[in-house]
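Subject: Structure handover

Hello,

The structure is pasted below, followed by notes on what was found in it. Please read the notes with the structure open beside them.

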Amino acid sequence: MHTKRSTSVGKMSSALVLVSSLAVMVMMSGVEAEVDHNPKSFLTLNNKEQQVVKGLDLKRYMGRWYEIAKFPSFYEPQSGENTRATYTLKPDGTVDVLNETFLKGKRIFIKGFAYKADPKSDEAKLKVKFNLLPVIGDYWVLYLDADYQYAVVGEPSRTSLFILTRTNKIDDLVYNQLVQKAAEQGYDVRKLRKTPQSNPPPS
């Protein structure tokens with residue numbers, strides 16, 4: 001899952017989560033989201049508690065998610081493409097995580113696992129741990145449509161943000177709506193950068 005974490009650029013794939021994800025720096029292309037870009041607005045919203053999805057059905061959330069846009073980070077590939085995350089629910093309720101990105105056609109990946117931060121809570125707040133890395137990250141599902149096709153994922157400090165979808169392409173209207181969801185949660189969406197996705201995606 002995409003999430004904030006520290007590691008060398010050469011070993012990182014997407015940060016998806018929850019994390020990210022399980023990603024990737026490019027200048028934003030396409031239509032700019034119709035949101036309030038006033039820095040004071042983000043500062044005001046930053047003082048408000050983030051609202052996460054409640055009653056997340058982990059079984060429905062499993063499968064592959066494509067990274068459509070994210071906050072760029074120094075610890076992730078600068079030119080990654082076709083970034084995606086695949087989640088698999090295990091019998092014990094934890095989630096296997098596979099984050100992938102492609103650099104000049106070469107697949108780079110990292111594996112890990114995720115689990116609910118508070119098993120007794122119905123909030124979609126997860127923790128993510130990647131193999132060989134000592135850091136445990138936060139993966140908060142801030143928005144999820146009823147059909148589990150679109151998700152906005154963030155974390156407590158609002159320094160990581162991911163827009164994820166089940167398909168590797170979405171239209172501008174849907175994208176702008178998802179960006180607006182993040183803006184309403186206090187994220188400075190001016191930092192979002194779209195992730196290049198080819199059609200068809202790599203197998």
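This is a predicted model, in which local features need pLDDT of at least 70 and side-chain atom pairs count only at pLDDT 80 or more, while totals for chains, interfaces and linings use all residues. Residues are numbered from 1 along each chain as its sequence is written, and side-chain values use heavy atoms, with hydrogens and water left out.

Overall layout

The protein has three helices and nine strands. Here helices (H or I, at least four residues) and strands (E, at least two) are DSSP runs, numbered from the N terminus. Read from the N terminus, the order is α-α-β-β-β-β-β-β-β-β-α-β. Of its 203 residues, 51% are buried; buried means under 20% relative accessible area, exposed means over 50%, and partly exposed lies in between (1.4 Å probe, protein chains only). The protein exposes about 9,700 Å², and carbon and sulfur atoms supply 54% of that area. Accessible areas come from the Shrake-Rupley method with a 1.4 Å probe, and for residues only the protein chains shown count as cover.

Strand β8

Which strands pair with β8? Strand β1 (residues 63-70) is joined to β8 by four bridges, and the two run antiparallel. Strand β7 (residues 150-154) is also joined to β8 by four bridges, again antiparallel. Two strands pair if DSSP finds at least two bridges between them. Glu-67 has Leu-164 as its bridge partner in β8, and Tyr-150 has Thr-165.

In soluble globular proteins, nonpolar side chains tend to be buried together.

Charged and polar side chains

The structure holds seven salt bridges, each a side-chain nitrogen of Lys or Arg within 4 Å of a carboxyl oxygen of Asp or Glu. One of them links Lys-90 and Asp-96 (3.9 Å, N to O). Lys-90 counts as partly exposed because its relative accessibility is 32%, and Asp-96 is partly exposed at 33%.

Another salt bridge links Arg-107 and Glu-100 (2.5 Å, N to O). Arg-107 is partly exposed, at 36%, whereas Glu-100 is buried, at 3%.

Lys-125 and Glu-123 form a salt bridge too, with their closest N and O atoms 3.5 Å apart. Lys-125 is buried at 18%, and Glu-123 is partly exposed at 23%. Salt bridges that share partners also join Arg-64, Arg-84, Glu-100 and Arg-107 into one network.

Finally, Asp-138 is found in strand β6. Its side chain makes a polar contact with the side chain of Lys-127 (2.7 Å). A polar contact is a pair of N or O atoms within 3.5 Å; within protein, one must be able to donate a hydrogen and the other to accept it, and residues adjacent in sequence count only if both atoms are side-chain atoms. Asp-138 and Val-128 are 10 residues apart in sequence and 6.2 Å apart in space, C-alpha to C-alpha.

Regards
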